[in-house]
Every structure is written in C-alpha cells, then in structure tokens.
Amino acid sequence: MNGSRTRTQAGVNLPALRHHNATLVLDLLRAAGADGISRLELAEGTGLTPQAVSKITARLREDGLAVGAGLRPSTGGKPRTVLRLVPDAQFAVGLHLDRDGLTAVLVDLAGRPVAVTTAPLDLGAPAEQVLADAADAVRDLSAAEPHKPVLGVGVAVPGPLDHRDGVLHRVTGFPQWDGYPLRAALAERTGLPVVLDKDTNAAALALALALGAAGGGDFAYLHLGTGLGAGLVLGGEVHRGARTGAGEFGHQTLQLDGPLCGCGGRGCIEALCLAAEARGDRGEAARVLGTGAANLVGLLDIDRVVLGGRTVAADEDAYVRGVRAVIEERAARGGTGAGVTVTVAGGGDRPVAEGAAQLVLAPVFGRVGERG
C-alpha cells in the first residue's frame, strides 16, 4: 500500500486475469483523483500493453465507472485523453457493531462518506434483534442513493472472530456469540455480499490505504472505546495471524493480581485502562495505554502508533501525550521507540465504520490488505 506497484503486482495480458487487470487500472484511476490519468500512464503503471489498457478502459466507461476528463496539453505529439474514476457509480456500506452502539456509513468508490447514521445497540440482545437493527441501517443508507448499486456490506465487530468464515468467537463480555455465523446471517437478511472483520482491523485497513501514499510504514492502530484492541499493519498489509486472532492487544497482562477483566483474566491492559477512566484518572489511563503501546513498539519495531475510539476522542491530547511519554521514556533507557510517531485517527468510532466499508472496496481496487 505504498502507492507503487512491484513487479509481482504488475498486470498480465492473459484473458483469465481480466478482472485482476481491471482492478489495477481502477486503483490507478482512484489514486489519480479528479485530475485523471492518461491511458499511457495507466499502461506504464500497471505493466499492461496499451492495447490491453484501451480494452479495459472501454469496458469501464461502458459500465459507468470511468469517464473522460479532458485532454492533457500536448508536449509535441497528439494531446492525451485523460480518464477519471466516477466515484458515485457504486457504493459500499460499512457497519460498526459495538457493544452499545451501531455506526453505519455509506461511502462512494473513492471511500468518501456520503451518509452516516448512529443508533444505540445492545450487543447482548438476541441475535435476531441485532441482525434486524443492522439490516435496517443498511436499508436506510441504501435509500440515500436509491438508483446506484451497493456492492456489499462490511461489518466490523469486537473480536475475537474468524474473518475468513465470517463467524464470531467469544466476544469479551458476550460469550453467547461464540460460533455465530454473522456474515451468512446478515447476507441473508440484506441480500447483499457481506464481509466481516474485527473493528480494529477494519480501521487499520482504512488507515493503511490513507497513509500508503505518504509512506505510512508499519504501524499499530490502538482502539480504546468500550474495549481495547489493536489493528496491525506490517509490510503494508493488515496482519491477522494464522488463526485470524492477531491484535487482541487489550488482554495482555500488566498486573498479575490486578482487577478482573471481562475476558476472565486479571490485570489486563483493557481492564486497567477502563478502570482508570471510570474513576476519572485519565493520566493513569493514558500511561497504562502507553505501557502497552511501548511493549508493542519494542516487540514489532513499528514506525507509528495511531490512537482511536470514543474514549481517546474525549481527550485526544491527553492520550497522545501520555502514550508518547511512555514510549520516549522506554527509548531513553536504551529500548526501541526513538522517533516513533503517535497520532490520532479523529472521529471517535466513525473510522471503524468507514474501514468496514473499505473491506468491501479494497478488493475492487486490488487492495486486499491482508496477511495470513
């Protein structure tokens, strides 16, 4: 996701890979934005022949996904026709099903939010009620663009879960969801393709796409809201692990005899953080979060830590200061962490819903964003 194509990513002129080649072209069209890009530049960027690019762009224009954007001034030869993506040709819905609330967003092909809704949600309610609330949100958002196709629904929920099979595991505090096939159930309810992933992974994917062109490097997204988790981007891809369980950051033990956590353990960083917040000691909450972040920096040698979630949004400066201070203290004692950037993904929980929509869009542009 660094904005460039490696040789292994280049397009191949084989009929069987027609869809793959189209995703390469679409990705460059999206990256070019309103300024557009010429067919010659598309050929150079994808490794496809000019003839192959012409055929692909002709199909994209027929499908309403690309349009002409004028002519580029001549530098001695014939002026080049410039093409651009049509962002509002298709849409995707992103849902964040949190423990106590639902955030839903409709985004266009460029990933820009077109409509956003929020509503209370009880994740402890019967599955049928949760599904009904989610399906209602999809229906309401789809009505915002009634004549444009919705490609699918991305759903982000607290983990752990199996994103490949779309099945939830024992969500902390809500063990009744263990083994529930949420993806299949919601697809049946909405009649749309559904992609499921952890809330932190969804947000990390969206951040990786946004940071890629700016040299985002390896980073961790730490989400502190009703719970605490991490989304890891390593080598430009979301790292999920062999069993898709990577990122259960909140349940690392910091205090062996600490308070009981919803996961059944004691002294988890999530329990310590949320307990400090509950008693109004935000400085301590930030220090605890910083301790976990410093451990993660030391373990993975990452370049950046991005904070997010509604709890962080309540006082972004305090959390950035607290986390940065612990990482820098660790680095000053000879540990890793020197030069690590600590920033905030603004918007509270909304980046998770936008990331959920990117779960649908990323494959359209050949940006699966997945490792393991």
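Tryptophan 177 is buried, its relative accessible area being 3%, under the 20% that marks a buried residue. This value, like those that follow, comes from a predicted model. The structure holds one aromatic pair. Its members are tryptophan 177 and tyrosine 180, whose ring centres lie 5.1 Å apart with the planes at 90°, so the arrangement is edge-to-face. The reasoning rests on the rule that planes over 60 degrees apart count as edge-to-face.

Glutamine 176 belongs to the loop between strand E9 (167–168) and helix H5 (182–190). With a relative accessible area of 47%, glutamine 176 is partly exposed. Setting aside residues up to four places away in sequence, glutamine 176 touches Leu123 and Gly124. Glycine 258, by contrast, is 82 residues from glutamine 176 in sequence, and the two C-alpha atoms are 26 Å apart in space.

Another ring is involved in an interaction with a charge. The charged end of arginine 30 sits over the ring of phenylalanine 365, at 4.0 Å from the ring centre.

Helix H8 spans residues 282–300 and includes threonine 291. Helix H10 (residues 316–332) packs against H8 at an angle of about 45°, and the two axes are 7 Å apart. On the H8 side, the contact is made by residues including Ala286, Gly290, Thr291 and Ala294, and on the H10 side by residues including Gly322, Val323, Val326 and Arg330. Angles from 65 to 115 degrees count as roughly perpendicular and those under 35 degrees as roughly parallel; H8 and H10 are therefore oblique to each other. The crossing of H8 past H10 is right-handed.

Beyond residues up to four places away in sequence, threonine 291 touches Leu254, Val326 and Arg330; Val326 and Arg330 are among the H10 residues that make the helix contact. Threonine 291 has a relative accessible area of 19% and is buried, because the limit for a buried residue is under 20%.

Two features of the backbone complete the account. Aspartate 301 lies in the loop between H8 and strand E14 (304–308). Its phi is near 55°, a positive value in a residue other than glycine. At 54% relative accessibility, aspartate 301 is classed as exposed. Elsewhere, glycine 159 and proline 160 are joined by a cis peptide bond, with omega about 0°. Proline 160 is located in the loop between strand E7 (150–157) and strand E8 (161–162).

Notes:
Residues numbered from 1 in each chain as written. Predicted model: local features only at pLDDT ≥ 70, side-chain atom pairs only at ≥ 80, totals over all residues. Heavy atoms only, no water. Phe/Tyr/Trp six-rings, centres within 6.5 Å; stacked < 30°, edge-to-face > 60°. Buried < 20%, exposed > 50% of the residue type's maximum accessible area, 1.4 Å probe, protein only. Lys NZ or Arg CZ within 6 Å of the ring centre and 35° of its normal. Helix = DSSP H or I, 4+ residues; strand = E, 2+ residues; numbered from the N terminus. Contact = heavy atoms within 4.5 Å. Axes fitted to C-alpha atoms, helices over the stretch in contact; angles between N-to-C directions. Parallel < 35°, antiparallel > 145°, perpendicular 65-115°, else oblique. Left-handed = near helix turned anticlockwise from the far one by under 90°.
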